[in-house]
Amino acid sequence: MNKKAQTTATLNLRGIRLLAISGSLRSGSSNHHILKYLGTQVPTDINYIIYDELALIPPFDPGLDNDTPPDAVVRLRGLLTNADGLIICTPEYAFGVPGQLKNMLDWLVSSSSLVEKPVALITASLGGEHAHASLLLTLGALNSHVVDGAALLISFIRSKINAEGQIIHQETEESLNILMHNFLTLVTNSLQ
Ligand SMILES: Cc1cc2nc3c(=O)[nH]c(=O)nc-3n(C[C@H](O)[C@H](O)[C@H](O)COP(=O)(O)O)c2cc1C
């Protein structure tokens, strides 16, 4: 067990529920691999769910954001309400946030599902600076709590993950482990 994992082991994590959302729909996505890696790092008594319905979220329409929103939106909001923390891991497209991820976040503006919710943000992309900054603004608008020390920009991601989805860049792996420790610490504290 490494030093960071030992420190995390001192936290009371039993029953904590984390929802992880990848902004990439691509099969073999690096961002999805990162979320899978983080899932292997959390203790087994954490309920860690990787969201798999991003593609089902319909285009945001304020006219449909009423008492009976679309089913996929209802399920998403329910998952978020039940989650103690959210991890978003996303690439950048055309200097911005991937459309389907931004679309999903637009559906959350009117709900309170992200208010005060601890959020970890990872932008893993070729560059990624623009999407990262933009998402921080959007998450602020949703009144979520982006955790200090749990916002990470990983540029040149394709050179840091191999074809099997393993992280092959030690510094990146360490940064992800530190991020997870910081995130779990805050989530735990927010429940006390
Ligand atoms: C249509 C398209 C536009 C892209 N635009 C950007 C960009 O503006 N900035 C950037 O950092 N990467 C850009 N990329 C590269 C992605 O960051 C890279 O493909 C990344 O690995 C995608 O994440 P994934 O592996 O999780 O699918 C773009 C890729 C595509 C397909």
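Buried means under 20% relative accessible area, exposed over 50%, and partly exposed in between, with a 1.4 Å probe and protein chains only. By that scale T123 is buried, at a relative accessible area of 0%. This is a predicted model: local features need pLDDT of at least 70, side-chain atom pairs count only at pLDDT 80 or more, and totals for chains, interfaces and linings use all residues. Numbering runs from 1 along each chain as its sequence is written, and side-chain values use heavy atoms, with hydrogens and water left out.

**Ligand site**

- The ligand has 16 residues around it, and S29, S30, S125, G127 and R158 come nearest; a residue is near if one of its heavy atoms lies within 4 Å.
- The shell holds six nonpolar, seven polar and three charged residues. Ala, Val, Leu, Ile, Met, Phe, Trp, Tyr, Cys and Pro count as nonpolar, Asp, Glu, Lys and Arg as charged, and the others, Gly among them, as polar.
- S24 places a polar side-chain atom 2.7 Å from a ligand oxygen atom.
- R158 also has a polar side-chain atom 2.7 Å from an oxygen atom of the ligand.
- For N31, the distance from a polar side-chain atom to a ligand oxygen atom is 2.8 Å.
- On its own the ligand has 620 Å² of accessible area (Shrake-Rupley method, 1.4 Å probe). The protein covers 70% of that.

- T123 sits in strand 4, residues 118-124. Strands (E, at least two residues) and helices (H or I, at least four) are DSSP runs, numbered from the N terminus.
- Beyond four places in sequence, T123 touches T90, G128, A131, H132, L152, L153 and I154; contact means heavy atoms within 4.5 Å.
- T40 belongs to helix 2. At 57% relative accessibility, T40 is exposed.
- A 3.1 Å polar contact links the side chains of T40 and Q41.

**Nonpolar cores**

- The largest nonpolar core has 29 residues, and L18, I34, L38, Y48 and I87 have the most contacts inside it. A core is a set of buried Ala, Val, Leu, Ile, Met, Phe, Trp, Tyr and Cys residues joined through side-chain atoms within 4.5 Å.
- Helix 6 gives the most to this core, with six residues.
- Another core, of 25 residues, lies apart from it and includes Y51, L54, A83 and L114.

How values were computed: A polar contact is a pair of N or O atoms within 3.5 Å; within protein, one must be able to donate a hydrogen and the other to accept it, and residues adjacent in sequence count only if both atoms are side-chain atoms.
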